[in-house]
Protein chains: 2
Amino acid sequence: MTRHYNFCAGPAALPAVVLERARDEMLDYRGQGLSVMEMSHRSEGYIAIAEQAEADLRELLAIPANYKVLFTQGGATLQFAAVPFNLLGPGGTPNFLNTGIWSQKAIDEALHLGGAAHIAASSENSGHSAVPRPADIRLTDDAAYLHYTPNETIGGLAFDYVPEAYQPDGKEVPLVGDLSSTILSGPLDVSRFGVIYAGAQKNIGPAGLVVVIVRDDLLDRARADIPSLFSYQALARSGSMLNTPATYSWYLAGLVFQWLKHDIGGLAAMDAINERKAAKLYAAIDESGLYANPVALRNRSRMNVPFVLADQHLDAPFLAEAEAAGLLNLKGHRSVGGMRASLYNAVPEQAVDALVDFMADFEKRRG
Amino acid sequence: MTRHYNFCAGPAALPAVVLERARDEMLDYRGQGLSVMEMSHRSEGYIAIAEQAEADLRELLAIPANYKVLFTQGGATLQFAAVPFNLLGPGGTPNFLNTGIWSQKAIDEALHLGGAAHIAASSENSGHSAVPRPADIRLTDDAAYLHYTPNETIGGLAFDYVPEAYQPDGKEVPLVGDLSSTILSGPLDVSRFGVIYAGAQKNIGPAGLVVVIVRDDLLDRARADIPSLFSYQALARSGSMLNTPATYSWYLAGLVFQWLKHDIGGLAAMDAINERKAAKLYAAIDESGLYANPVALRNRSRMNVPFVLADQHLDAPFLAEAEAAGLLNLKGHRSVGGMRASLYNAVPEQAVDALVDFMADFEKRRG
């Protein structure tokens, strides 16, 4: 068996100990005589798994008691639609911060569903290389919520602050965050948010699961015609079992939470590791003559590090040699090209060390 | 390691050889150095897995070329909403056959989304113990489609025919089937349907995946305000990769399709096995003085066999003793009580033999 270093932007690397546990429990979950995949979601055995996962996530993120945690399906893309359906019942305009491709997708979906969408601030003028400053954010009088993407996985652009959201008259509006690519990468003040959602396939578990964290007072703002499976209220009331949930993915997420608690030692420890990983890679880029990253220093993503080579003709050999060296999935997103190393939680520090060594060696030989 | 017999209605038993394969490939998929869970859905390696799964499903079901096969998320419950969004763009009334709890859920969701819903025929008067006959089905002049549930998993009620759907003026309307609990249990004439959808967690794979089979000419009937992830058109155009799909579940579905092809020998062979399994269990019920099933003979489900004990006080000991004997998940749905044995594809004939023996022994001792 070989395990390579995997810098995939998502579905991303998972901790080897999680996969080993899943492997060992595949045919017979702890003597119960069946796989987790084969358990009724309403069975005692499965409910214990589901509740433990929620409890561990609540503990890791210190989620306040007035927030519901939902385990649902459809990824962040479904939430692009679910958020307006859940929050626009009383009317008002959704406000957005536009910092790149993923923010734009959320905006497009809100418009597509037939509503308006106000861009409260945008980094478009900077080519999405620096996020708007707090003073640049201007909400509408009727802002129903402010949606933003703390980390843009394609641009590698990250907010260095959590925005405050007020209507011009000073009324606070709920902040909605697509935390798919940053959740669990470090401590988080959940109380700053009205709604957090996160596709699982970066820092939580396998693709097909999405976690939603929603403040209780926002559960009754849905449009009357909301599809049932979008409804935070319906999901909350049913313990995320309005229908059969993605049971196996939920179980794997629980194993990842256990790994974060017991193997890593919690989110402060994870934060320190992620800080070191990113610092090493950005230092290697900045100190080289071959590699470059265009993002403003304070907005550089710790999770996704895009970089270009000074000579595009070296892209193909760089990727081929990296792969031969066991460094997988370094190709940048098809919409922007170049390289991208995603350094999610499960990417070990040794992977970054190996990448940095490879980059230096490649530059020496080919740069 | 112990493997018990699992009669769960869903998430249901999976073939042991599929789980063994998944276990062996968990950390390193065929020498590629990573788990399938960790692969980019756009990587060559993963695309090969996804395409093979679709090809095998097409072969098994002999799906005509003018049908798209989609692998998406949210279960049948999401499809209850997705179907009206996809088919009611040009207007018209959705028509339904009501044969029990799952048909009713589809009807409720269509109404909830703000439309009308016409009940073209219902088995309610029979207490859902016999399906309407073909001559009883009356569609509206403006029927946009006819939706039905060929097998009701809770009532154990199955259609013994595929309905024909015509408006009163003779115009054919698309037939939509929720085949969650019967797909792949035997050969199927896909050409009779406009849309087939099936939650994976019975005969396809793990919960969280849903397969949709849709005729090409129905791809352009969507409402303008359809959420993107509901859109058959958008899913078809993107090869079910509008966003990150449930990659691992899709892979497991592919392993199940391989098992059906190579271990079972195709759907005709599967059909014969399922026929024998159901015949044995119904015979045991009908020949006993303790057990009873209320469904009309011609509408008895092969997949879900509900039965009651003549004395309800025996329910608890029956379940406890069955579980102790390694016969799991025989409790009936919480809405109806009694017992239910689900005999999906992955439940081996030996499991039914063991159940029948246990039932006879229990009756002798306690009946």
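A:Ser240 is buried, with 23 other C-beta atoms within 10 Å. Buried here means that 20 or more other C-beta atoms lie within 10 Å of the residue's own, with C-beta atoms placed from the backbone. This is a predicted model, in which local features need pLDDT of at least 70, side-chain atom pairs count only at pLDDT 80 or more, and totals for chains, interfaces and linings use all residues. Residues are numbered from 1 along each chain as its sequence is written, while chains are lettered from A and ligands numbered from 1 in the order in which they are written.

Stay with A:Ser240. Its phi is near 65°, a positive value in a residue other than glycine. Most residues other than glycine have a negative phi, and most peptide bonds are trans. A:Ser240 sits in the loop between α5 (232-237) and α6 (247-264) of chain A. Helices (H or I, at least four residues) and strands (E, at least two) are DSSP runs, numbered from the N terminus.

Now chain B. Phi of B:Ser240 is near 65°, positive in a residue other than glycine. The loop between α5 (232-237) and α6 (247-264) of chain B holds B:Ser240. B:Ser240 is buried, with 23 other C-beta atoms within 10 Å.

Next, the peptide bonds. In chain A, A:Gly10 and A:Pro11 are joined by a cis peptide bond, with omega about -5°. A:Pro11 lies in the loop between β1 (5-6) and α1 (16-24) of chain A. In chain B, the bond from B:Gly10 to B:Pro11 is cis, and omega is near -10°. B:Pro11 belongs to the loop between β1 (5-6) and α1 (16-24) of chain B.

Definitions and conventions
Buried ≥ 20, exposed ≤ 12 C-beta atoms within 10 Å, placed from the backbone.
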